[in-house]
Amino acid sequence: MDIWQAVLITVITAATPLLIAALGELVVERAGVLNLGIEGMMAVGAACGFAAATLSGSSALGVLAAIAAGVALSAVFALLTLGLATNQVATGLALTIVGLGLSGLIGAGFVGTSREAIPAIRIPGLTELPGVGRLLFGQDPFVYLSLALAIAVLWFLGRSRAGLTLRSIGENHTSAHWLGLPVMQVRLLAILFGGGCAGLAGAYLSLVYTPFWSPGMTAGRGWIALALVVFASWKPLRVLFGAYLFGGATVLQLHAQAASLGFPSQVMSAFPYVATIVALVIMSAGRRKAAAAPGSLGTSFVPDR
Amino acid sequence: MAGASGREDQRDGPPLVSLRGIVKRFGTLTANDHVDLDIRAGEIHALLGENGAGKSTLVKILFGLLQPNEGEIRWQGQPVTLANPEDAGRLGIGMVFQHFSLFDNLTVAENIAVALPKGEDMRSIAARIASVGERYGLALEPGRPVWTLSAGERQRIEIVRALLREPRLLILDEPTSVLTPQEADTLFVTLEKLAAGGCGLLYITHRLEEVKRLCSGATVMRAGKVVAACDPRQESVRRLASLMVGSEVMEVRAAAAHQLGPVRFELNKLSLAPDEIHGVALKGVDLAVRGGEIVGVAGVAGNGQAELFAAMSGESRAEKAGAVRIDGADAGRDDIDARRRRKAAFVPEERNGHAAAPRLTLSENVVLSRHATGGVARHGLVDASAAKAVAAEISRVFDVRKGRVDPPAGTLSGGNLQKFVVGREILREPGVLIVNQPTWGVDAGAAATIRQALIDLAARGAAVVVISQDLDEIFAIADRIAVIHDGHLSATYPAREIDREKIGLLMAGTAEERPHAA
Amino acid sequence: MRLELVPRGDVSPWARVLAPVAAVIAAVLIGGVVIAVMGRSPAAAFQVYFVDTLSESWGLQEMAVKATPLLIIAVGLSFCFRASLWNIGAEGQFIIGALVGSILPLYTAGSGAGFWVIPLALVMGALGGLAYAMIPALLRVTFGVSEILSSLMLVYVADLVLDYLVRGPWRDPKGFNFPQTVNFDATLPFLADGGRLHAGVLLGPVLVLVAWFVISRTLFGFGVRVAGEAPKAARFAGFDANRMVLAAFAISGAAAGLAGVLEVLGQIGQLKPGISSGYGFTAITVAFLGRLHPLGMVFGALVVALTVIGGESAQIALKLPLDLTRTFQGVLLMCVLAADALVSYRVRIVTMARA
């Protein structure tokens with residue numbers, strides 16, 4: 001296997017959890033809701049996924065448990081922000097704090113255990129193709145799933161009627177309500193979808209990326225996924241592009257660290273966070289204020305009664 | 001009229017819709033108090049009333065947006081429950097909102113499609129938009145994003161959207177408030193065609209001339225109750241007005257003849273890029289207002305009024321100091337507080353959230369616009385007791401009614417809060433006063449008080465600019481009139497010499513005059 | 001089934017005061033359920049978490065010591081939150097404040113330098129936190145970058161800067177390669193012999209009074225309130241939005257930085273990784289628990305400090321993991337937000353039958 005293929009595969013591996021989580025949050029934000037709790041939901045997803053997979057011996061059950069955990073946490077967020085109209089930023093922060101704590105509680109019994117990573121797909125004949133075989137036909141299932149998810153979200157938002165309804169609600173919830181669109185129901189579904197995606201992204205971390213559980217293993221990826229949505233101007237294909245760009249940068253940094261260019265390792269470790277800030281600056285400076293953001297993003301909706 | 005005989009035929013049988021004994025309470029306020037209303041197919045029925053009379057609440061109930069506490073809705077004689085707009089839509093009730101229910105960043109076709117039942121593809125929707133547009137003279141480009149459209153075009157989207165659902169009853173809430181007089185004429189033709197086709201129309205307005213011209217039935221509401229049901233064609237405008245207001249209509253007293261002073265407020269080739277994403281740029285605005293006169297700025301909503309106000313107040317600063325002059329001094333680079341120190345004062349359009357912070361008390365809202373000009377703040381400290389005294393003085397002079405001594409501004413009614421924010425500025429005795437929509441959405445009593453105060457202020461020598469969408473208001477108080485269209489301000493015309501038709505053309509941008517050309 | 005919210009008209013001030021108390025009770029009940037689910041005795045946990053600490057003078061002193069950084073950070077943050085600015089990077093500003101504040105104590109360690117080091121170090125710490133908070137503030141003002149994400153990202157960066165310094169240039173050469181600096185001489189004096197109550201604890205109440213005065217009496221505080229309440233009204237009042245962003249971030253950054261250096265000079269006596277244990281995030285809970293009111297935040301800081309100490313005791317006595325405390329703090333924040341909503345709105349549960 002040549003070196004480029006190997007590098008590209010690591011790029012994809014680094015990008016996939018970001019992509020999955022960011023696509024989920026993209027849908028949530030296009031519905032007009034800002035859920036800052038991704039980091040927490042991802043952490044719980046990682047812990048639950050690993051715990052369930054280890055206890056049951058089934059990776060598939062692990063993945064399902066992770067998704068369920070993400071959905072459950074996001075349901076709490078929905079209850080507070082939709083049901084009680086609490087501030088979305090503060091509630092999302094609370095969700096992150098709860099999620100990080102809970103992941104520690106759930107994962108406590110599994111620190112130090114490790115298990116086989118979910119294997120990559122093998123298609124006889126194709127995966128062995130020189131040059132591109134492993135890249136195209138030998139990834140783990142999550143990679144294909146994440147790409148399919150990107151296409152599905154793209155189609156859903158751009159082409160489907162339900163997607164149009166969701167965008168309208170995110171754009172202006174008062175108008176949407178006047179037209180009889182089900183603002184609360186659509187937002188609820190979007191939030192649960194985002195939670196499921198965050199849980200799934202967490203499962204990827206603990207079942208594929210580093211097949212063990214360690215506290216704080218999300219390492220800010222949930223926040224980076226949030227930044228990706230802004231960076232992508234709320235467009236699914238740009239999220240895909242951004243996630244891979246970011247994955248590439250992360251891998252580059254790991255290689256630079258390995259090559260020991262004389263920088264302290266902390267400089268390299270800080271790279272993803274600084275890069276995120278720089279990306280946000282470039283995107284924000286390049287466009288008129290919040291032009292691409294959904295009009296009702298982050299604001300509570302309380303209809304007259 | 002072609003449809004007249006068809007309309008009369010449908011007088012038999014039960015009405016299309018009838019409301020019986022509708023009661024709607026918000027906390028202690030009873031917005032609708034046992035309201036009855038009948039609308040027949042093919043009828044254009046007027047719902048008349050002042051702001052705050054309960055019209056909007058009633059139509060929201062009829063459209064399923066609000067649930068009544070008591071009473072019954074019958075559709076063709078059958079009792080129905082309208083739990084949400086979907087229910088109303090299924091029966092065939094459509095609505096054209098006063099504050100449009102549109103999505104700025106979506107296209108025209110998307111805006112329409114989102115309100116239609118599922119299952120129709122975009123191509124067929126586009127085709128139907130075109131055919132309805134042709135039939136009723138409502139042309140639209142399906143692919144245009146809404147934010148690029150004028151208010152008139154936006155209203156067309158609302159109407160087409162309602163028509164594509166083939167409504168049996170169409171509710172229109174103050175539809176002409178955003179139109180030029182000529183656009184309003186076109187709308188009336190469309191509405192008459194609809195009625196001739198058997199659709200019932202509920203037409204909500206406070207403009208009585210329109211009612212007399214268009215409607216064959218009218219229900220008049222006052223303070224939440226129905227006070228009269230009549231045939232408006234048989235009534236005089238004056239009688240309709242007194243039914244609405246409940247007493248003889250108050251009119252403002254013209255100021256006694258007084259000398260005009262020197263120019264106190266001046267704009268010179270003021271150009272400004274907009275702050276907001278979809279805002280309007282101001283393009284070379286010229287204006288000179290002398291002490292003692294009121295200049296009215298007419299125009300359809302969304303043509304740069306907000307931007308013009310911000311540029312005059314200093315919320316947006318001009319590039320050149322000379323672009324804005326107050327009492328002869330360059331003020332274009334001054335911020336709003338510096339302009340206030342030059343004895344200018346400002347009242348923005350939005351009461352709650354711009355002119356006043358709704359959750360702060362009245363006295364705190366005094367500090368809001370007065371802290372720079374002394375009396376309520378010193379050395380960076382707020383003088384709460386001085387602010388309370390000023391708030392009490394404003395409330396006394398302008399008859400601001402409130403539940404307790406110093407309540408949060410947001411708990412006041414629209415008219416009382418508007419009197420407060422206008423009074424807050426006028427009691428400072430400003431040399432220049434800029435007001436945007438001074439009586440938008442307030443009751444007739446408050447409107448008369450405010451208009452009188454503006455006239456009296458001008459008579460005491462101040463230069464007053466009133467930006468208003470209400471032509472009646474402009475004709476009632478302005479000495480000279482200018483029209484804003486797409487960020488251009490026309491020349492000013494003496495109010496006695498210009499007629500509505502001419503203003504209408506200027507509002508539509510079709511009779512643009514360039515006094516500086518040549 | 002769905003929830004309908006009906007705004008309550010005038011809310012009595014008592015309801016607003018009691019809401020956080022109710023939130024604490026609700027969070028304790030939820031915490032008890034979690035502990036029961038873990039197969040432990042909620043009663044024993046309650047005893048260790050709350051009763052033991054409150055019934056001993058040692059516990060009360062410790063509570064004041066832990067509450068101090070939380071209170072100082074929260075008081076600073078309240079300026080941001082009141083102006084609707086989401087500085088969630090106080091943790092980073094705390095760490096940078098601790099670092100910058102440690103420069104003098106580090107280089108004077110062992111030199112016999114006088115007491116003057118301490119006040120200078122405190123000022124430098126506050127300035128360090130302030131400068132670090134200026135990064136997200138300036139990015140927002142000049143480029144329109146959301147302060148939420150930038151301030152949060154900078155927490156990770158600050159952590160790495162600390163890590164680099166204590167493993168690299170600032171490491172104690174005689175420290176057996178442990179990632180830590182030398183012990184500082186310039187530490188805060190203790191208020192009582194044998195206790196842990198250091199002089200920095202006195203700063204908390206002083207700052208609370210100052211903040212209370214600024215928010216309720218000065219034009220600047222008025223501007224902060226209007227900016228959060230109605231941004232257009234703030235502009236109409238002539239308060240420059242950008243200056244407000246910079247000022248609010250400056251205050252909260254300085255407060256977090258001061259808390260950081262106080263923690264190092266009052267409690268730890270040296271720099272090492274993990275000096276914060278999440279104070280910057282926990283203070284967000286404190287701020288909301290105190291309803292952003294300076295006096296309310298004293299209550300908030302004491303309650304949250306109690307859970308921090310209780311968590312440490314429970315870890316030793318009952319082998320309950322520290323993450324339980326963290327979870328509890330998150331749940332507490334959720335309960336506070338919910339309680340606030342219940343004060344502002346009447347909630348009606350509507351069954352599908354009607355819709």
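Reply: A salt bridge is counted here when a side-chain nitrogen of Lys or Arg lies within 4 Å of a carboxyl oxygen of Asp or Glu. This is a predicted model, in which local features need pLDDT of at least 70 and side-chain atom pairs count only at pLDDT 80 or more, while totals for chains, interfaces and linings use all residues; side-chain values use heavy atoms, without hydrogens and water. Residues are numbered from 1 along each chain as its sequence is written, with chains lettered from A and ligands numbered from 1 in the order in which they are written.

Over all chains the structure holds 42 salt bridges. One of them pairs Asp472(B) with Arg500(B), with 2.7 Å between the closest N and O atoms. Asp472(B) belongs to helix H16 of chain B and Arg500(B) to helix H17 (residues 500-508) of chain B, so the pair ties together parts that lie 28 residues apart in sequence. Helices are DSSP runs of H or I with at least four residues, strands are runs of E with at least two, and both are numbered from the N terminus. Both partners are partly exposed: Asp472(B) has a relative accessible area of 43%, and Arg500(B) one of 40%. The classes are buried under 20%, exposed over 50% and partly exposed in between, with a 1.4 Å probe and protein chains only.

Glu473(B) is buried, at a relative accessible area of 1%. Its side chain joins that of Arg451(B) in a polar contact of 2.9 Å. A polar contact is a pair of N or O atoms within 3.5 Å; within protein, one must be able to donate a hydrogen and the other to accept it, and residues adjacent in sequence count only if both atoms are side-chain atoms. Apart from neighbours within four places in sequence, Glu473(B) is in contact with Pro438(B), Thr439(B), Arg451(B), Val466(B) and Ser468(B), contact meaning heavy atoms within 4.5 Å.

Elsewhere in chain B, Asp383(B) forms a salt bridge with Arg378(B), the closest N and O atoms being 3.5 Å apart. Asp383(B) is partly exposed, at 21% relative accessibility.

In chain C, Glu312(C) and Lys66(C) form a salt bridge with their closest N and O atoms 3.7 Å apart. Glu312(C) lies in helix H12 and Lys66(C) in helix H3, both of chain C, so this pair ties together parts 246 residues apart in sequence. Glu312(C) is partly exposed, with a relative accessible area of 34%, whereas Lys66(C) is buried at 8% relative accessibility. In chain B, salt bridges that share partners join Glu266(B), Arg325(B) and Asp330(B) into one network.

Helix H3 (57-82) and helix H12 (294-318) of chain C are also among the parts that cover the buried residues of H2(C), as are helix H1 (13-37) and helix H13 (323-344). Those buried residues are Ala45(C), Val48(C), Tyr49(C), Phe50(C) and Thr53(C). The helix they belong to, H2 (residues 42-54) of chain C, has 13 residues. A kink of about 35° in H2(C) is centred on Val48(C); the bend at a residue is the angle between axes fitted to the seven residues ending there and the seven starting there.

Between chains, the rule finds 1 salt bridge across the interface of chain A and chain B. The side chains of Glu110(B) and Arg167(A) meet in a salt bridge at 3.0 Å, N to O. The count of residue pairs in polar contact between chain A and chain B is 6, both residues being at pLDDT 80 or more. On the side of chain A that touches chain B, helix H7 (161-171) and helix H8 (173-178) of chain A each supply at least two residues. H7(A) gives the largest share of that side, 6 residues.

Between chain A and chain C, by contrast, the count is 0 salt bridges. There are 3 residue pairs in polar contact across that interface, both residues at pLDDT 80 or more. Helix H3 (59-83), helix H4 (88-107), helix H10 (221-231) and helix H12 (265-286) of chain A are the elements that give two or more residues to the side of chain A that touches chain C. H4(A) gives the most to that side, with 13 residues.

How values were computed
Expected span 1.5 Å × (residues − 1).
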